[in-house]
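Hi,

Here is the structure I promised to pass on.

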Amino acid sequence: MTQTKKFNAATKMVPVPSQAIVPERDIDKQPVLIASHLGIEFGGLKAVDDFNLIIGKTEIAGLIGPNGAGKTTVFNLLTKVYQPTTGTVLVNGKDTHGMNTVQANKLGLARTFQNIRLFGNMTVEENVRIGLHNQVPYGLMTGIFRLPGYWKGEKKQHEMALDLLSIFDMQHMANVKAGSLPYGAQRRLEIVRALATHPSLLLLDEPAAGMNPHETEELMENIIKIRDQFQIAVLLIEHDMNLVMGICEGICVLNYGRVIAKGTAEEIQSNPVVIEAYLGKQKEG
């Protein structure tokens, strides 16, 4: 097994009510996410059952589990792609019951997808500016008649887009068609577009998929940078255990739609229930 590079080795996790843990720096802050008894059924089959998770205000958390465990379904429940059959989701203390995906995004939830969903025929900057559309508002008449307020808003959006792209050193690609970017760059662009919506919780669905080890290490560094620069929380689904164990402060493990373990990276790595879920029960002797 390759050596895991630790980016959050000094983080101390402390208990909070409901048997959860959050980073010590977040103990006096309202959690960004509280998911309680979350569940959904499809045709009588429980895809997610009694899912509970608390994420601290600036925590980098991981959601892991074998293929088919229900991880992306949880993301779809949190972001209101699916409406839960049971349970509640609070974002910054506000109940998301009855909200749609747009309303959940305005509340502070932004995500990337397992399968990249960029507008391939639009430029890199245009993709980012889609996420910025609510950040620099101007009136309908101002836009129709191209009044001074329109050009001021356009200039501000352009500057904001380049600032966001600079996180991944992509500002020089602003005029490139998104569909012509290498796979890893498309992954990074999707993260930038999500950041453009000004989230308080960024959900990343397999952000390192298709990346080589060097790109993955850069991604790890940039996730930390994003958390620190924007003071937001990050929840990621990832199969690259070096990435998960290297940056995630709290980790939740799913299997067959149910939480089987929660804890720090060290606790999860040595948890026999988690090991069995991934490797299968070992025969004795």
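One term before we start: two strands count as paired if DSSP finds at least two bridges between them. By that rule strand 5 (residues 60–64) and strand 10 are a pair, since four bridges join them, and the two run parallel. Within that pair, glycine 62 has leucine 236 of strand 10 as its bridge partner. Please keep in mind that this is a predicted model.

**The overall picture**

The protein chain has ten helices and twelve strands. It is 285 residues in total, and 49% of them count as buried. If you take the contacts in the chain with a separation of 6 or more, 69% of them are between residues 24 or more positions apart.

Leucine 201 shows both pairings: it stands opposite leucine 109, and its bridge partner in strand 10 is alanine 233.

Are the two faces of strand 9 covered or open? Covered, both of them: Leu201, Leu203 and Asp205 are buried on one side, and Leu202 and Leu204 are buried on the other.

**Helix 3 against helix 6**

The axes of helix 3 (residues 124–131) and helix 6 come within 7 Å and cross at roughly 30 degrees, and the crossing is right-handed. From helix 3, the residues involved are Val124, Asn127, Val128 and Gly131, and they meet Leu189, Val192 and Arg193 of helix 6. That contact is made up of four nonpolar residues, two polar and one charged.

**The cores**

The largest nonpolar core has 47 residues. Which of them touch the most other members? Those are Val128, Leu189, Leu202, Leu236, Ile247 and Ile251. Helix 6 (residues 183–195) supplies the largest share of this core, with six residues. Apart from it there is another core of 29 residues, including Phe75, Leu77, Leu78 and Ala104. As a general point, nonpolar side chains in soluble globular proteins tend to be buried together.

Leaving out residues up to four places away in sequence, isoleucine 251 touches Gly62, Ile64, Val244, Met245, Ala261, Lys262, Gly263, Ala265 and Ile268.

Glutamate 41 stands opposite lysine 46 of strand 4. The hairpin has two residues between the strands, and glycine 43 in this hairpin takes a positive phi near 60 degrees.

Histidine 37 sits in strand 3 and has a positive phi of about 50 degrees, although it is not a glycine. Tyrosine 256 is another non-glycine with a positive phi, near 50 degrees, and is found in the loop between strand 11 and strand 12.

Why does tyrosine 256 count as exposed? Because its relative accessible area is 70%, and exposed means over 50%.

Threonine 264 lies in the loop between strand 12 (258–263) and helix 9 (265–269). With 16% relative accessibility it falls under the 20% cut-off, so threonine 264 counts as buried. Beyond its neighbours within four places in sequence, threonine 264 is in contact with Met13, Ile21 and Glu249.

Cheers

Conventions
Residues are numbered from 1 along each chain as its sequence is written. This is a predicted model: local features need pLDDT of at least 70, side-chain atom pairs count only at pLDDT 80 or more; totals for chains, interfaces and linings use all residues. Side-chain values use heavy atoms; hydrogens and water are left out. A nonpolar core is a set of buried Ala, Val, Leu, Ile, Met, Phe, Trp, Tyr and Cys residues joined through side-chain atoms within 4.5 Å. Buried means under 20% relative accessible area, exposed over 50%, partly exposed in between (1.4 Å probe, protein chains only). Contact means heavy atoms within 4.5 Å. Axes are lines fitted to C-alpha atoms, for helices over the stretch in contact, and angles run from 0 to 180 degrees between N-to-C directions. A crossing is left-handed if the near helix is turned anticlockwise from the far one by less than a right angle, and right-handed if clockwise. Ala, Val, Leu, Ile, Met, Phe, Trp, Tyr, Cys and Pro count as nonpolar, Asp, Glu, Lys and Arg as charged, and the others, Gly among them, as polar.
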